Structures are given as C-alpha cells and as structure tokens.
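Trainee: Please take me through the labels used for this model, and show me how each value is set against its cut-off.

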Amino acid sequence: MEVLPEVESELEEADLQEGEDAEEGGGEDEGLRELRELEETLARVQIAPSADLLLERKAEADCSKWPVSYRENSAQEKLLLAMADNFHRQYAHLYPDRKPLLLCPVNECGVQKFVSTTLRPTLLPYPELYHWQGCTSFVSDFLSLEALDPPVDPPNKLRSPTWALRTQRGTCFEFSTLLCSLLLGAGYNAYCVSGYAVKEMCLLNQSRQVCPLLKPQIKEESVNQKQEVRKYSVKPSRDLCSSFEQRLEEKRQEDSRSALLSKQQEAQRLQEEHERPPPDPLLGLRVHCWVLVLSGNREVPENFFIDPLAGHSYPTTSEKFLGVESIWNHQNYWVNMQDCRFGCTEMTFDLGNPVKWEYLLCGSTNQSILLNPDMKNQNQQEDEEEEEEETEEPKVFEMPPSWVSKIYISQEDMESRCPGGTKLVQYRKATVEKFAPYLLKDGLVTRLTSYNDLDCTQPNTVKEWYNHRRDHLEERELKKATNTTTERFRPGRSFALKCHTYVTLVPETERQMDFYSYARVDGLVSRVETPSEMTETFADRPDFLYYRHVVYSKRVLSFGPAEIPEKVQRPIKKVVERFHRDRSKAASEDVAERVFLLSEDQIQVTYHREEDRIIPAWRNFIKPRDSKNTFTPQMVSTFQVDPLKKPSKNLFLYETLMALMAEEENVVIRIRDSEKEVRAILDARQQEESSIELQISIYNTARNEKARCHRDALERLAKEELLRKDEKELDVLAPFLAQLGDPESLTRQQAQQLRADCLAELKQRLIDRANLLQARIEKLLQSQDWTSRPLRT
C-alpha cells in the first residue's frame, strides 16, 4: 500500500522535528504519534478494485489460453515491427510537431502487434452482414463504448476483434477494427481512419441529433415526366384571366412566403442558439477512429465515412470530422500529408499519390519504395546519384497474415445484438430502446418515445415495433395528446386486418380499420366507425361497389331501463351506396348511387351521367306501407335526361322497386354482419392482449419445446435401437428366435423347442471343436521333426 504524498511529507517533517527534539533532549511529540497511527491504519486499508480492473486482471490471467499468435510474434511480424519502428523514428524526426502515430500497440496479451495485422477480413454466413448497413448496425448495437483516457492521445493497447466480441466492449479503435474486418470480408474497400472528431461523436453523445426513426422517408417520384404531345389534338381553351392580376397575386404570395420564411429562420436561429452546447476546450484535439469506404467495390458510387459508434454514414466532407492522421487496411499503412486546417472538406483519398499520402510498404497497390529497416536516421544528405548507384533494387515485403483467430459470431449473439439484450439511445427530444427477440414476453424489439421538450420529460408519442407475435402485430403507436392508438399487422391475420386506429376497444366508438382487400372476398379496404355512423370502402368488386355509408339513429329502449343497451342493435336511419361505372350497361341504366332512407321508407337511385350530359337521371321510390306491396304510379318520381325517351312502364317500375326492397334487406344483413365482425375483432384483440403468445419456428430447437422434445425422443429411440442391436449380436438365442419370426412372447411348446434346439446346437459346436483339436494333435504327432525339437527351458 503506497503512502499518500501529503502524509509522506508530514512524516518527513515529523522525523526532522524529532531529530531536533532529540538533540535538544526533548520528548516525543504527540502529533508524531498520531501520524504514525494514521500510517499504520492506511497500511491496513484495502481498496476493492473496480469491475473493469477485475476484467483486465482476469484477461491477463487467461493469456495462456489464447492461441500462440496472440502471445508471440513470428519472424515476419518481428521484421515488420522493426520497419514500423524505423518509419516512426523518421516520422518523428521530420514532423516533431505532429502527434505520434498508432503503429504497434500491444494486444490483450501485452504483445506488440502492427495495426494492419489486427484486421481479419471475415465473411460470416448471415445475410444481414453482406451489406455495410447490416455490419454497421450490428457493431454499433453489439459493443459498448469505452472512452479513451486521455481523450487527446491514441491508445497504447488495441485488442483483437475476437476479444471485443467476447467482452462486448471496446474503444472506438476496436469498434473500427471489428467493423473494417467485416466490411473487408464482405468485399468493400474499407480502411480504419485515425484522426480527430467533435466531442459528441467521440463520446457517442447523440442527444442533439434527430432520431433516424423520426426522419421522413423520401419517396422517389418522377418529377420531370414528359407528357406525350400529339400532333393532332384539340387546342385548350384560351385563358381569359388577367396576366397583370396573376403577377400581382404571385408577388403577394411570394412576399408572404418570404416573410413567413424569415420568421421561421429567425425562430430556428434562436432555438439553435438556445440549444447550442458550451464550447469544447479540446476541440480539434480529441482522438477518434472511424471507417473509410472507398468507391469502386460492391458498386459504391462515392467515398463515405462510417462512424462505428453510432452506426451512421457521413460524406467525406462532413464537418464532424476535424482531421486525419493515418489510415490502414489489412495490406498497408498510409500517413496523411495533407493540410487538415479546415477539416476533411478539402481532402482527397487518392492513396496512390505519394505527395498526399506517405505509405509504409510497397506492393501491387502502391507505387512506393520500401523503407530499409536497417537504415538509420541520417542527418547528413549525400548526393542522389551516388545513392542510386550504391542502392540495390529493394525486395517487396508483403504484409504478414493476421494474428487474429477467425471471427465467429454465434446465432445467439446475432439475435441478442445488444449487451444484455437491451440498449437505450438518447436523441434530441426522443429515446430509442432496443430489445433482443424473445427477451420480452410481448415480443417488443424497439420502442421509440418522442417528447415535447429537450429534457425528455413530456412524452408526446410512443411507437413500438414487435416481432414473432402470433397475432401478427408489427407496430403500435400511441399519441398521448389524444390517447389514440394505431396498430399495424402483417398479412395472415384473421379478417385480413391491416391497421386499427382506436381510442378504446369498446364497441360503437370512434375507430378506423384498414384491411388487405386482396385477401377478402368482399374486397373491403377500410371501415371508419363513429357512435352514429359507419363508412366502408371497397375495391375490385364484381358489382362495382366502392362506398357504403351508414347513418344510425339513437337507440330506443323498449323494455325499460333494465335492458342492456349493448345487446340492442342500433337502428339504421340511412344507407348510401356508390358504384363505379359498368361499361357493359348504358349510363342511364347503370346505378351510380342509391340511398336507402329506412326511417322514411324511401329509396333514391341516381344513375351515371352520360358523356354528353351535364346532369344524371334519377328515380325516387316510396315503399308501400301495406303487406300486399300495393303499387301506384304516385309512389315513383322519375327524371329522364333525354326528353325524347319514352317513360318506363309501371310494371318495370314495380319490378325495380321490388328488387330495390330485396336489395335493401340484403344491405341491412351485410351491415349487421359488419357490426358482428367489428365485435369479433375487438373481442379477439382483447383476448390476444390478455394472453400474448409468440411464434417459434420449428427449426429453432433452442426455444421450440415441442421440437426439442421430438428431437430428444428420436435420439432416445436411436440409442435404444443401437443397444438392442448390440444385445442381439451377443444374444445366443437370437438366431433361433429369428427362425420363429422374433415373437414378442413364446408358448410353452415353443420355449421347449427353443431350449432343445439351443442345447443341440451347443452340443454340436462342442463336438466340432473336439474334432478340430483331435485333428490338429494327430497332424502334429505325424510330423517328422516332433521328436528332434529341443525342449524349452
């Protein structure tokens, strides 16, 4: 236990004072005794190490379990370390003002390794890791960040990607090493970049960034669509509007837009000033490591940066990156010789340009001269001609293979993703929570909560994503202001429900249901319901119906207050149905809209408008009130567009009325069926939310109990069959039982016969063995050299 500096100084002063007192004949001071007691107390105090320190000690203790390549250097690696050391000494001599390069940090076993050999290009058998988006998302979710200490210097230790996957933590350099290894394995031209970035990026502080899940998705639309110009076409009518008034109106709108825009810009500027963070005293000095992907491979159109901590991509001109010191891949190492005074906005990444990028090794990708590892720093320059004559042609040195073991990611790690299966990310006015599949009982995998304030204390909207739900629920959104819930389902659910927006699951309240129309027989697209109305839309129906609107009247209780209102059907007041045009019929006979006024006993029918007419034809019917359906001409009012057309006969009108009355009954039945369907959906949703079940694939034997039991039963049967075969091979009765057909049970007569056959076989086998021994003895006695053989002692 080390003594504190303050205590040590006090002890020295006390010792000097004690010496002076001893010379003067003085006694021991009381303060000195207290200091000595304090020293003894501090010596007995044991400070418990932190969790990180315990992990480091455990890793150091387990170094013997790592492969030999982790603990030792090969001959090529030693030569490479010497070359890197020489390169570093020359660099430090030529550029003493720049920070030292990260060339040969120690690994988890305390052995120096070159940074390029720490990369291990690996292609894993997961489709998600075939693209850079999936690799970036996995690395940012799977690892937890360890900040650099100090933040202005590159680290002295660079652990392997296997160590990072094992512990699920690492610095930004270990993040980049793992991500670059995966990208190189996937075929990308990727490089690790050591440089400088802003504080928020180095510390993974995303509290001032907009959440990617809240950004609107831009749909690609063909804006500049050239209209087909026909040679012979009708000229449009002349525009009689005043061009002067149009210019005045456009100017007025432009002024209002500019005023509104200036107000918005001013409000945004004030807000940015209010939210601007305090100045960083270490701006431009914070060391960071990220990944550079160059264009060319995998159809990458242009160069871009990837921040492995947050998993976001940036252009190479982004202001978040303040400078580059060096970059490397699994083949070479380059030092940036460009001016980064203005960040990376003016940098070029032509690694073949030796003026802008200084390289360590020469090879097929670099036109450079190998630095001689035996060459020492020379302060005196010699003539170039003499050096060319004396210098021999250098040999190309290839980068040694990676010392890292093969990167392996298990299926469990791919599913869990985050450390412990959960991860919380703080954004500007939003938080994102990520969960591993099957971690929560309701199948929740992502929760996005947006807030109204920067302190994230007033939630506005909660959006949740689910996986593996048996009820096919994929997404749920809750708006706190209106308490409105929107649920979205994937195809395959009962009633082909696609989306459900509601406030409560009580029937006859405001809600909207969207359906997969192609999966329904009736072609229902949506159903909007309020306490007094219901609107349904359809698509691709053979009867051309596309709209139905139902208006309800107030429910009347006829059995007193004890009657349950929910069990009494709402009386229908009005039904409106609309149809698309049926080209097989004449427009004057094709129904466009029909209105059933049930409360007034009337039916209104409107037909489609003919192309050369401006108003459509219509008929209004009054339903007969007696049971005999007596019809009179006064019960029909008709409007015909064509005045020359003969009016319809009474028989035709009567048949039309009877058909409409029959259709009215069918419409009422369909409406009641729709109401029952709504109640069935609501009951099913309540039941599903009360007992949530998750779907487990039959191939997922780790979680599927039935599949695991079936597999265990098959393995048990296989073992029993194997044991049974082994027993049959050793069983002397097996051949005799086979002659009897391997019966499960034997009769008395069969048992006696089996015993007799077995004894007879045994007797015959003993006789054959005795005959064989006798024949061999006789043959031996008849041999000539039997008596001449010497006896063995």
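Trainee: Why does Tyr 333 count as buried?

Mentor: Tyr 333 has a relative accessibility of 0%, and buried means under 20% relative accessible area, exposed over 50% and partly exposed in between, for a 1.4 Å probe and protein chains only, so Tyr 333 is buried. Please keep in mind that this is a predicted model, in which local features need pLDDT of at least 70 and side-chain atom pairs count only at pLDDT 80 or more, while totals for chains, interfaces and linings use all residues. Residues are numbered from 1 along each chain as its sequence is written, and side-chain values use heavy atoms, with hydrogens and water left out.

Trainee: How many aromatic pairs are there, and what makes the pair of Tyr 91 and Tyr 95 tilted?

Mentor: The count comes to 17 aromatic pairs. In the pair of Tyr 91 and Tyr 95 the centres are 5.5 Å apart and the planes stand at 45 degrees. Rings of Phe, Tyr and Trp (its six-membered ring) pair if their centres lie within 6.5 Å, with planes under 30 degrees apart called stacked, over 60 edge-to-face and the rest tilted, so this pair is tilted. Of its two partners, Tyr 91 is buried at 5%, whereas Tyr 95 is partly exposed at 31%.

Trainee: Why is the pair of Trp 328 and Tyr 333 called stacked?

Mentor: The planes of Trp 328 and Tyr 333 are at 10 degrees and the ring centres lie 5.8 Å apart, so the pair is stacked. Trp 328 has a relative accessible area of 1%, and is therefore buried.

Trainee: How do you know that the charged end of Arg 469 sits over the ring of Tyr 466?

Mentor: The charged end of Arg 469 is 5.0 Å from the centre of that ring, and the rule asks for NZ of Lys or CZ of Arg within 6 Å of the ring centre and within 35 degrees of the ring normal. Arg 493 likewise lies over the face of Phe 489, at 4.8 Å from the ring centre.

Trainee: How many cavities does the search of the whole structure find, and which residues line the largest cavity?

Mentor: The search finds five cavities of 30 Å³ or more, a cavity being a set of points, on a 1 Å grid over the protein atoms alone, where a 1.4 Å probe fits but cannot get out. The largest cavity holds about 70 Å³ of space, and its lining residues (an atom within 4 Å of a point) include Lys 99, Ser 194, Glu 325 and Tyr 333.

Methods. 1 Å grid on protein atoms, 1.4 Å probe; cavity = no way out; pocket = protein on both sides within 12 Å on 5 of 7 lines; lining within 4 Å. Points joined across faces, edges and corners; volume = space filled by probe spheres on them.
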